[in-house]
Amino acid sequence: MASGQRWRQARRSCTYLLGSLLSGVVTILALPLLLVPNLARRWADRHRARAARLLGAPAVPAGGSTSRSLLWLPVNVVAGVVLGLPALLCAGNIVVALIATPLWWAFRLEDRPRLFVDVPVTGWPTALTLGPLQILLLGLLAYLCFPPVARAHARICLLVLSHTANEQLAERVAVLTRSRADVLDAHGAELRRIERDLHDGTQARLVAIAMRLAVARQAFTDNPRDDEFVAGLLQDAHTGTEEAMAELREVIRTVYPPILADRGLTGALTAVTTRCGVPVRLDIGELERVPAAVEAVVYFAVAEALTNVTKHSQATEASVRLSRTADRLSVVITDNGTGGADEGRGTGITGIRGRVLALDGTIDINSPAGGPTVITLELPCG
Amino acid sequence: MRVVIAEDNVLLSTGLELLLGRAGFQIAAVAVDAPAFLAAVREHRPDVTIVDVRLPPSFRDEGIRAALQARKEHPGLPVLVLSQYVEQQYAAELLSSSAGGVGYLLKDRVSRVDEFVDAVRRVAAGGTAMDPEVIAGLVQRAGDPIAALTPREREVLALMAQGHDNNAIAGQLVITDNAVHKHIGNIFAKLGLAVTDSGHRRVLAVLAHLNAAGT
């Protein structure tokens, strides 16, 4: 490891340990407050996130159990003092030496600073030998010991606060139960929508057409025959079939986009991006097999996002990036527009969010005023 | 005029046969999949072909691929592709596939018998028949350059891009040939296109322009 990096690590560890000491002291002082479960949980979450950061471990979602958060209070005090105090002494004595070496003479005789715990600095020879030596020795100590000690503290923290395998499993089951209910709701809503569209639209039109044709057939054999009347009915029936076809096409498109069936996800996204009003860079990695439901959601999400790019963003370019890790498909849609995308304004993004959540996926919309807008989707496809 | 049809749905193919037969076309063959279609084209050398986008075995875009393949084997072969939905991507692929008449229409349009038969004749004669929905998409996408056109000029542009000649445009908009001529002059001037000739090449120029403007 490069020494520069080691030094950075030592500095970070020093900050961490001093912070731990401070937090231990704060814990003692604010104990009555921290016994409130809600605050205890937040206090524990902070420490857990901090420890995870130091260890470079993946960030753990906030919201641990209350009992563990309360347990953390005494552990935090003990670990913070035991591990943080030596760090404070070490760092403090480096500071003392840094001041004593050039400025020893500025102190009154009886207050002369002391190096190596109890050696008073009385003249330049002592200052120039003992001062740098103390800095060097303690610096070396810090360089070598701070990182492992800080890591030990962080591990203790995670050990106390991390969920056990059982807790993680229970949480996962709760999330899955919720999302499965969402899936069923979304699925049911989707079926009802299709049923309503077909029932109120296409089916009603076909009935109307059939009636007109039946009447036209009867009227055709009337004597005398009213040609104009028959022609009018046929005309109406004809118009009705055209409207029914247009409606049916729209229903089909919202169920499963035909281009997706024809060309797969890559082909369908190519078509969507070339249709977009601004130039779009499409970057699709190796995707392997993606479930049809996921493909459809990705297609609708990209289509909706690019429609918004064209309509609202004033962007001059956009990009769509798809990549696959073991069991997740991630989609990132960015544009260089003015940002400020507001989910409350249109129903489009809300609909997409519903579809994404229904598949146990996540969607994140980051669109600060002034841009750029970044929409990130993560969908499970294992 | 001899036609080869590629359509696997019997209801639709008999409908097409009935309709085209009454309009004076001779149905040389009805193929139910891509290989049969290519074989029929080789055997009958038809004046025009009508192809459904979705064909067996996988009912994806076999029809488009068969049409492109047939045009590769027989340059200039007029192809009219029918589909339940239109996709600009397919239109672009068809238009860029060698010379010769080309059409891409929603199946819905078949029910307007006169217009459909006119489209088939136009394609057979080396012209273009693009579905209004394709053109509407292109025009919408083109944005800025189109904004300079008056509403009437936009109507003329859309009809021209669909493949209609001046006569037909005048008929549909109920204006004189002269007026159409003037509108077209204005459109080409505003879009910065050279008024070269009429017919297929003019349509291609307009479509290429719309395509380029949109990307």
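**Helices, a buried asparagine and some loops**

Let me start with one residue: A:Asn76 sits in helix 4 of chain A, which covers residues 66–103. Please keep in mind that this is a predicted model. Is A:Asn76 buried or exposed? A:Asn76 is buried, because its relative accessible area is 0%, and the cut-off for buried is under 20%. Among the residues that A:Asn76 touches are A:Ser20, A:Ser23 and A:Thr27, along with A:Trp43, A:His47 and A:His153.

Some of those contacts belong to the helices I want to show next. Two packed helices are described by the angle between their axes and the distance between the axes.

Take helix 1 of chain A, residues 3–29, and helix 3 of chain A, residues 37–55: they pack at about 165°, and their axes are 12 Å apart. That angle makes the two helices roughly antiparallel, and their crossing is left-handed. From helix 1 of chain A, the residues in this contact include A:Ser20, A:Ser23 and A:Thr27, and from helix 3 of chain A they include A:Trp43 and A:His47. By class, the contact of helix 1 with helix 3 in chain A has five nonpolar, six polar and three charged residues.

Helix 1 of chain A also packs on helix 5 of chain A, residues 124–161, at an angle of about 60° with the axes 8 Å apart. The helices are therefore oblique to each other. This crossing, too, is left-handed. On the helix 1 side of chain A we find A:Trp7, A:Leu17 and A:Ser20, among others, and on the helix 5 side A:Phe146, A:Pro147 and A:His153 are among the partners. The residues of this contact between helix 1 and helix 5 of chain A divide into 13 nonpolar, six polar and two charged.

Stepping back, chain A is divided into domain 1 (3–163), domain 2 (170–255) and domain 3 (258–380). How far apart are the C-alpha centres of domain 1 and domain 2 of chain A? Those centres lie 72 Å apart.

Now chain B. B:His183 is in helix 10 of chain B, residues 177–191. B:His183 counts as buried because its relative accessible area is 19%, and buried means under 20%. Beyond its sequence neighbours within four places, B:His183 is in contact with B:Arg152, B:Glu153, B:Val156 and B:Ile175.

Helix 8 of chain B, residues 151–162, crosses helix 10 of chain B at roughly 90°, and the axes come within 10 Å. Helix 8 and helix 10 of chain B are therefore roughly perpendicular.

Last, the loops. A cis peptide bond joins A:Asn223 and A:Pro224, with omega about 0°, and A:Pro224 is in the loop between helix 6 and helix 7 of chain A. In chain B, the bond from B:Pro56 to B:Pro57 is cis, with omega near 5°; B:Pro57 is in the loop between strand 3 and helix 3 of chain B.

A:Glu288, in the loop between strand 3 and helix 9 of chain A, has a positive phi near 55°. A:Glu288 counts as exposed, at 61% relative accessibility. B:Arg45 has a positive phi near 45° and counts as exposed at 53%.

Notes:
Residues numbered from 1 in each chain as written. Chains lettered and ligands numbered in written order. Predicted model: local features only at pLDDT ≥ 70, side-chain atom pairs only at ≥ 80, totals over all residues. Heavy atoms only, no water. Domains from an automatic or database assignment. Helix = DSSP H or I, 4+ residues; strand = E, 2+ residues; numbered from the N terminus. Buried < 20%, exposed > 50% of the residue type's maximum accessible area, 1.4 Å probe, protein only. Contact = heavy atoms within 4.5 Å. Axes fitted to C-alpha atoms, helices over the stretch in contact; angles between N-to-C directions. Parallel < 35°, antiparallel > 145°, perpendicular 65-115°, else oblique. Left-handed = near helix turned anticlockwise from the far one by under 90°. Nonpolar A, V, L, I, M, F, W, Y, C, P; charged D, E, K, R; others polar.
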